[in-house]
Amino acid sequence: MVEAPLEMQKSMKIPEDHIKQCKDAGLPTEGNAAGNTDFLDLRGENRSPRRLPSGFTTRGIIALVFSSISGILGLVVIAWYGMAEIKS
């Protein structure tokens, strides 16, 4: 967060080539996040991507099964190795 944006605006100047690049790309250089000069008007703002589907997908279920099998096999190997006879 900027504590004193008006003070910052007094001492900082945006380079003209930055503004030119925005104008060349068709991006607004004034206003709020949506490019509107009425700061309460947010029509045209960027939106978040839509929500992910709820529940598990087929790929997720397969990954969960193979990860579980791998984890169980790892624990079995550790137990088998730990219970092995120590040879001097």
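Select Lys10 to begin: this residue is exposed, at 64% relative accessibility (buried means under 20% relative accessible area, exposed over 50%, partly exposed in between, with a 1.4 Å probe and protein chains only). The model is predicted: local features need pLDDT of at least 70, side-chain atom pairs count only at pLDDT 80 or more, and totals for chains, interfaces and linings use all residues. Residues are numbered from 1 along each chain as its sequence is written, and side-chain values use heavy atoms, leaving out hydrogens and water.

Lys10 forms a salt bridge with Glu7, with the closest N and O atoms 3.1 Å apart (a side-chain nitrogen of Lys or Arg within 4 Å of a carboxyl oxygen of Asp or Glu). The two residues are three apart in helix α1 (residues 5-11), about one helical turn; helices are DSSP runs of H or I, at least four residues, numbered from the N terminus.

Next, select Lys20 and Asp24 in helix α2, four residues apart. They form a salt bridge with the closest N and O atoms at 2.9 Å, and both residues are exposed.

Proceed to Asp41, in the loop between α2 (16-25) and α3. Asp41 is buried, with a relative accessible area of 17%, whereas its salt-bridge partner, Arg43, is exposed at 64%.

Finally, select residues 60-83, which an unreviewed UniProt entry lists as "transmembrane region"; such annotations may be inferred rather than shown by experiment. Over residues 60-83 the chain is 96% helix, and the end C-alpha atoms are 35 Å apart. Ile69 lies in helix α3 (residues 58-82) and is partly exposed, at 44%.
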